[in-house]
Amino acid sequence: MRWNPLPPDFDLPQARADLKRLVGLFAPYRNWMLWGALAALLTLLANVALMTASGWFIAQMALVGLVGAAMDYFTPAAFIRGMAITRTAGRYIERLITHEATFRLLQELRVWFYRRLEPLAPARLQELRSADLSSRLISDIDALNHLYLRVLVPVGVALLGGALILGMMTLYSGRVAASTLLFLLLAGVAVPLLTFRLGHGPGRRLVALRAELRSAAVDGLQGLGELRVYGGAARQAQRIDALTDVMIGQQRQLSRATGLSQGLLGLSANLAMWCALLLAIPLVTDASITPAELPMLALFVLSSFEAVLPLPLALQMLGETLAAARRVFGILDARPQVEEPADMPVPQWERADVEIDGLRLRYPGARGEAAWALDGLSLQLRAGERVALVGPSGAGKSTLVQALLRFWDYQEGSVRIGGHDLRAWPGEALRAHIAVVSQDTYLFNTTIRDNLMLAKPEATEDEVIAACKAAQLHDFIAALPEGYETWVGEAGMRLSGGQARRVAIARALLRNAPLLILDEPTEGLDALTERDLLRDLVQLMQGRTVLLISHRIAALPAAVDRVLVMEAGRVVEAGAPAELLARQGGAFRALHDAL
Ligand SMILES: Nc1ncnc2c1ncn2[C@@H]1O[C@H](COP(=O)(O)OP(=O)(O)OP(=O)(O)O)[C@@H](O)[C@H]1O
């Protein structure tokens with residue numbers, strides 16, 4: 001059996017492919033990276049030269065002092081000073097360049113990841129917890145960035161610096177250079193591989209544990225109210241405590257591996273120095289080198305290990321970076337549920353009507369395919385018509401909205417919208433013609449104005465005010481001390497349910513789209529607020545084609561022209577509200593009577 005220096009669960013071909021892809025992302029910063037690495041190399045060489053020259057200088061001064069001879073100590077002293085300054089300046093410049101490159105890269109990587117993530121929402125992201133996703137966006141992207149600073153620069157500097165140092169050493173003694181090379185290989189290859197092997201498992205488990213801890217913490221914070229009400233806070237704390245304990249155990253294993261590698265590095269450097277001394281003493285006795293060159297050579301050998309000191313960490317970082325890259329690429333390689341060719345032409349919106357024929361859609365189930373959520377659905381919305389869609393929970397109403405918004409693709413049937421096949425529309429272009437008011441309007445933690453202008457970033461002050469007046473929101477906002485600049489708080493916490501819904505209505509008014517989808521717009525509101533809101537919604541509906549999904553059957557007759565009743569993914573009854581109400585034994589009548 002061949003001995004494998006890598007951890008058993010390390011997938012080398014995958015790692016190689018990910019590394020290649022990752023290096024490709026860094027390509028635009030090639031020049032920055034090169035200058036940073038050169039500054040690091042200069043710093044290393046200046047440090048080695050400083051140590052080496054100091055060794056020679058001190059020994060030479062002692063020797064001439066002993067015999068009372070004279071020597072020019074200005075030149076070596078100036079050289080040493082020069083190297084000390086070069087080392088300091090080199091380190092400063094290196095930090096400056098590498099960190100500048102790092103921050104630019106980080107910014108680019110985050111935007112790149114976010115852009116690639118967008119088309120995957122919501123279908124492909126539903127399996128991921130939001131804390132997990134945010135940890136990928138933050139810590140994994142940070143970890144990708146380590147490739148340059150902690151892996152590529154140290155490895156490049158070690159290879160180039162090591163070769164230069166050994167070349168110089170050969171000028172003095174081939175044997176000393178050969179023995180140093182041996183110890184450098186031990187310290188720069190064997191020790192990092194050993195550390196990597198020992199640290200790989202705990203390192204991977206730590207990353208997973210950290211993500212779990214973050215999720216548990218976020219969950220605990222978001223559900224703090226429930227935990228307090230039901231007295232679950234202690235159990236949640238215990239869970240976090242237990243996770244932390246496991247993390248400490250893994251951290252301990254990792255620290256042991258790091259400690260071992262530090263010890264072995266120190267040992268290799270010292271052994272290399274002693275070997276160099278043993279090999280160089282005969283050179284002094286046969287006068288191949290001067291006595292002062294003996295300590296110089298020893299310090300030269302010792303300082304050359306600075307080139308390989310960062311390598312164990314570099315290999316460990318490479319492992320972490322590749323694991324992070326796998327998680328990031330894993331998401332990005334998911335094909336969007338709705339695929340759109342990049343150069344898809346944008347059709348012209350012709351009229352605000354919708355024709356659906358035999359539509360079938362099913363979600364992927366946990367085990368194989370799930371049941372059809374839409375099962376042969378056919379319906380028509382004529383331009384300017386207001387249609388209510390009602391039906392029991394799970395009938396497929398929200399699924400239809402997801403399909404119409406091009407968030408989920410369907411498997412069978414046909415949909416025409418705005419005069420074209422739904423699949424001929426690029427999602428973004430299609431959604432520009434649709435406004436949605438739903439029960440879960442998301443409000444960003446910013447000002448009311450910013451939340452409104454999401455629907456139309458170029459809206460003027462007058463347009464914003466007009467939309468808010470129509471949504472019966474302006475008076476409330478105007479009475480606030482900071483008016484439109486008031487921050488709404490996390491997820492709009494500082495607004496009531498009714499006010500948040502009105503912000504959604506104002507957004508829809510600003511969007512001024514010909515097709516309006518109202519998905520349970522009054523759900524969760526008290527009867528009085530609901531009545532007011534419905535009255536204001538009627539204003540929003542003016543001149544638009546409307547699909548209103550609602551459980552509030554009683555309020556519908558006044559608001560819509562037609563009602564469609566859905567059951568098990570298809571329309572089972574359709575007609576004017578009054579006509580359906582009058583139909584004894586009909587589905588709508590049954591829903592109405594059940595409430
Ligand atoms: N993202 C999803 N992944 C998997 N299955 C889903 C998803 N969304 C909905 N479903 C399933 O599809 C079916 C239709 O759900 P849908 O939410 O469309 O019903 P609905 O009529 O809007 O119900 P409600 O009135 O309760 O909102 C249900 O069986 C539901 O479990």
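Reader: Is aspartate 140 buried or exposed?
Author: Happy to start there, with a predicted model in which local features need pLDDT of at least 70, side-chain atom pairs count only at pLDDT 80 or more, and totals for chains, interfaces and linings use all residues. Residues are numbered from 1 along each chain as its sequence is written, and side-chain values use heavy atoms, with hydrogens and water left out. Buried means under 20% relative accessible area, exposed over 50%, and partly exposed in between (1.4 Å probe, protein chains only). Aspartate 140 has a relative accessible area of 6%, so this residue is buried.

Reader: Which residue forms a salt bridge with aspartate 140?
Author: A salt bridge here is a side-chain nitrogen of Lys or Arg within 4 Å of a carboxyl oxygen of Asp or Glu. For aspartate 140, the closest N and O atoms of the pair are 2.8 Å apart, and the partner is arginine 327.

Reader: How many residues apart in sequence are the parts that aspartate 140 and arginine 327 tie together?
Author: Helices (H or I, at least four residues) are DSSP runs, numbered from the N terminus. Aspartate 140 lies in helix H4 (residues 130-172) and arginine 327 in helix H9 (residues 311-332), so the parts they tie together are separated in sequence by 187 residues.

Reader: In which helix do glutamate 100 and arginine 104 both lie?
Author: These two form a salt bridge, with their closest N and O atoms 3.0 Å apart. They are four residues apart, about one turn of the helix, and that helix is H3 (residues 74-117).

Reader: Where does arginine 449 lie, given its salt bridge with glutamate 485?
Author: The two side chains meet at 2.8 Å, N to O. Arginine 449 is buried, with a relative accessible area of 17%, while glutamate 485 is partly exposed at 36%. Glutamate 485 lies in the loop between helix H14 (474-479) and helix H15 (497-511), and arginine 449 in helix H12 (residues 448-453).

Reader: How many salt bridges does the structure hold?
Author: Some are linked in a network, made up of Arg360, Asp375, Glu412 and Arg570. For the structure, the number of salt bridges is 22.

How values were computed
Helix = DSSP H or I, 4+ residues; strand = E, 2+ residues; numbered from the N terminus.
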